[in-house]
Amino acid sequence: MSDGQVGWKQITVVFCVLLVILFVGAGIFKALEENFYDAEELPDRVHNVEGVVEEFAKNHSVTNHDVYELLRRVDIARHGYTDSALHENKSENYFLDYMESWYFCMTIVTTIGYGHMGPLTVAGKLFCCIYALIGIPVWIILLTLVGAQLSDSSRWIEKRVRELLVRVTKIQRKFRAPGLTISLTIMVTSFFFLPALVFHKVEAWTYLEAIYFCVITLTTVGFGDFVPALPTEDMNTAANVVYKISVFLWITVGLAFLAGSLERIGTALKILGEKMTDMDLDPAEVTDRPINEVIGETNEAHDDDDSKHVNGADDKNGSDNVTNGRKPREGKEITSQEMTAL
């Protein structure tokens, strides 16, 4: 069995484990929130909202239901979701939708934390603490495995681009920059621009807002000003479930891509720093000069070094080696007795 097959098998197993954690956790969180709900233990801000609504309804001859409905619609229009403090009938039994609970658990394990909802009970808060300690490590393992597979795919694209450039230009050298650029362009388009187009159509956001949401989400900043996959009146249950799972898959693969890209950029910068150290050049001097000039001088330095080895001129040019920042090769001192013997 190949390494790639082993990698995908591991990804499948870890992904299934994470799905079990999400679906089981959603059920537990839903049960805790509904069974341990107590209107008297709600935060003060919730009771303050109730008082404001009652006073407004009394002074303007409207019902509390009308005021809550107006606030709910305004909140959804502004943010795409409604605050838990604006829910009506808090003194009655609390009901939490299962897929909303699942979506909340997903924001915990992915460390995004949109903040569009949170636990209302003490039991729910304790559960979130324990759940994060269990779910986040599994999520990190999945990210590592998916990132490794994406890196292999990226290297495959780079290799094919280099081979194509060699055939076209007839120059036997490694064209690393074009392959890397094309690979990153494909990945960025797949995980930012295309998903943003989907969010633009489904969520009725502008395309710029959708791009902004993709960047904020995949960098795990998660401001919560834009939250996808929230229940709407015109989306049926099946579509809502598929949409939520699709968003989760996008976040999983997208975060793995972003983490892998940052790692590759860091590796490239490390290699560049090592080359500059070998060349014994000031980094500011290198950045101020054209890259082709620096690469040309590097190649010439390697050619000169090879010719010195061939001509046996290493020891004769010891002073030049010191000038260039290289230590001259230390030779054994010949005594007068050895000279006489010779």
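Visitor: Is F199 buried or exposed?
Guide: This is a predicted model, so the answer comes from computed values. Buried here means under 20% relative accessible area. F199 has a relative accessible area of 4%, so that residue is buried.

Visitor: How many aromatic pairs does the structure hold, and what kind is the pair of F199 and W205?
Guide: There are 16 aromatic pairs in the structure. For F199 and W205, the ring centres are 6.0 Å apart and the planes sit at 35°. Planes under 30 degrees apart would count as stacked and over 60 as edge-to-face, so this pair is tilted.

Visitor: What kind of aromatic pair do F199 and W250 form?
Guide: Their centres are 5.3 Å apart, with 70° between the planes. An angle over 60 degrees counts as edge-to-face, so F199 and W250 make a pair that is edge-to-face.

Visitor: How many residues apart in sequence are the parts that F199 and W250 tie together?
Guide: F199 belongs to helix α6 (residues 176-202), while W250 belongs to helix α8 (residues 237-279). Both of these residues are buried. Their pairing therefore ties together parts whose separation in sequence is 51 residues.

Visitor: How far apart are the end C-alpha atoms of helix α7?
Guide: Helix α7 (residues 207-218) has twelve residues, and at 1.5 Å a residue they should span 16 Å. The value from the model agrees with that, because the end C-alpha atoms are 17 Å apart.

Visitor: Which residues of α7 are buried, and which residue just after α7 takes a positive phi?
Guide: The buried ones in α7 are A210, F213, C214, I216, T217 and L218. Just past that helix, a positive phi of about 60° turns up at T220.

Visitor: Which side chain does the side chain of K30 make a polar contact with?
Guide: K30 lies in helix α1 (residues 3-35), and at 17% relative accessibility K30 counts as buried. Beyond its neighbours within four places in sequence, K30 is in contact with F95, L96, Y98 and S101. The polar contact, at 2.7 Å, is with the side chain of E34.

Notes:
Residues numbered from 1 in each chain as written. Predicted model: local features only at pLDDT ≥ 70, side-chain atom pairs only at ≥ 80, totals over all residues. Heavy atoms only, no water. Helix = DSSP H or I, 4+ residues; strand = E, 2+ residues; numbered from the N terminus. Buried < 20%, exposed > 50% of the residue type's maximum accessible area, 1.4 Å probe, protein only. Polar contact = N/O pair within 3.5 Å; in protein donor to acceptor, adjacent residues only side chain to side chain. Contact = heavy atoms within 4.5 Å. Phe/Tyr/Trp six-rings, centres within 6.5 Å; stacked < 30°, edge-to-face > 60°. Expected span 1.5 Å × (residues − 1).
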